[in-house]
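These are my notebook entries on a structure I consulted. I looked up a helix, a strand and a charged side chain, in that order.

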Amino acid sequence: MMRGTVSILIAFGMLFSGLSADGDSAGWGDDFEMASSRAAKSGKDLLICFTAKEANAICRQFEREFLGRADLVGPLRETFEMVWFDVSSESGKNDDESTSLELRRRYEVDAFPTVVLADSQAIPYAYTGFRPGGTKSYPDHLINLRQRHESQLRLFKAAERAKGVERARFLAKAIPELGGQRSAKFYGDVMREIVKLDPNDESGVVQPLKLELADLEYVRKMQELDKEVRWSEMVDLTNAYIEDYELTGSRRQAALMNRFDIHRRQANLRAMLTTLAQVVEINQYNHHGRQAKDILKTMTDELQMQQVLQSVPAP
């Protein structure tokens, strides 16, 4: 099973739900608990949309071309319980006043627009967003994601009749790729069962799953330490994470960029420069490498300028 590289860059929750009149007329609701309760009773899936119309032109286009169109959205109500949150109406509100913040944290929504498809128990199985190229095709796109989920359910069913490594293979194929740490967050129990079923990694999927689980645990611990401003422990945790799991490539770069950010907050200039150089050395051409290279150039230019200014005699 090929799974995409899991980004381990830490995301912190945004502090921005309301529903537009157009969305309401198209069949969207804004009460997740009610929609979730109905889904649990009816067996329908959940379609959860997050937008930020005031700040994002793509969200406004998405509303015009799909979200606000009853002719496109209406037929989907046969398959989904639908809820739509626009965070623009929450700007300036604190956490307690936000009606969507808990949901955005639960589903790890950090960009807009984001559309989450979840089963009747509110477990997500697909994430998507705006797709250019024709509004009428978007309902078909959502139905295709639903059909792919049905295929995954058949794999889970097949796993029930299998044992050992064969069961591990079925389960691994059934886990959806959700991006980031989401797969490990929502399907962690399945991943841990696979690891237990296949201790020698005969299936070839165990090591990647171990890393996904490790990513999730690393981010959780880093967020806890960050809340308490325990920066030195965050550096130690990151170093241990890199070495214990023998991280390589972009995964190692991502962890190093986390460490750079901690050193930045510590104002540890030497450690910042060293860490950036390590990122560039791994690969200067990918996203992390280009980012580190740009920051490194800016920092060295500023240091050289300071040295020049210090060498100039006082008037």
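How many residues does helix α12 have, and what distance does it reach from its first C-alpha to its last? The model I read is predicted. I found that α12, residues 269-282, has 14 residues. Its span is 21 Å, close to the 20 Å expected at 1.5 Å a residue.

I next looked up burial in this helix. Ala 271, Met 272, Thr 275, Leu 276, Val 279 and Val 280 are buried in α12. An α-helix has 3.6 residues a turn, so residues three or four places apart point the same way. I then noted the packing partners: the buried residues of α12 pack against α11 (249-266) and α13 (287-311).

Entry on strand β3. I read residues 114-118 as the strand, with 5 of its 5 residues buried. Thr 114, Val 116 and Ala 118 lie on one side, Val 115 and Leu 117 on the other, and both faces are covered. Strand β1 (residues 45-51) runs antiparallel to β3 and is joined to it by 5 bridges; Leu 47 has Leu 117 as its bridge partner. With strand β4 (residues 124-128), β3 pairs in the antiparallel sense over 4 bridges, and Val 115 stands opposite Thr 128. I recorded β3 and β4 as a hairpin with 5 residues between them, where Ala 122 in the turn has a positive phi of about 70°.

Entry on Arg 182. I located this residue in helix α8 (residues 182-197). Does Arg 182 lie buried or exposed? Arg 182 is buried yet has no salt bridge. The nearest side chain of opposite charge, Asp 110, is 4.3 Å away, and a salt bridge requires a distance within 4 Å. The side chain of Arg 182 does reach the backbone oxygen of Leu 178, at 2.9 Å. I also listed residues that Arg 182 touches, including Tyr 107, Asp 110 and Tyr 127.

Notes:
Residues numbered from 1 in each chain as written. Predicted model: local features only at pLDDT ≥ 70, side-chain atom pairs only at ≥ 80, totals over all residues. Heavy atoms only, no water. Helix = DSSP H or I, 4+ residues; strand = E, 2+ residues; numbered from the N terminus. Buried < 20%, exposed > 50% of the residue type's maximum accessible area, 1.4 Å probe, protein only. Lys, Arg positive; Asp, Glu negative; His and termini not counted. Polar contact = N/O pair within 3.5 Å; in protein donor to acceptor, adjacent residues only side chain to side chain. Contact = heavy atoms within 4.5 Å. Expected span 1.5 Å × (residues − 1). Pairing = 2+ DSSP bridges.
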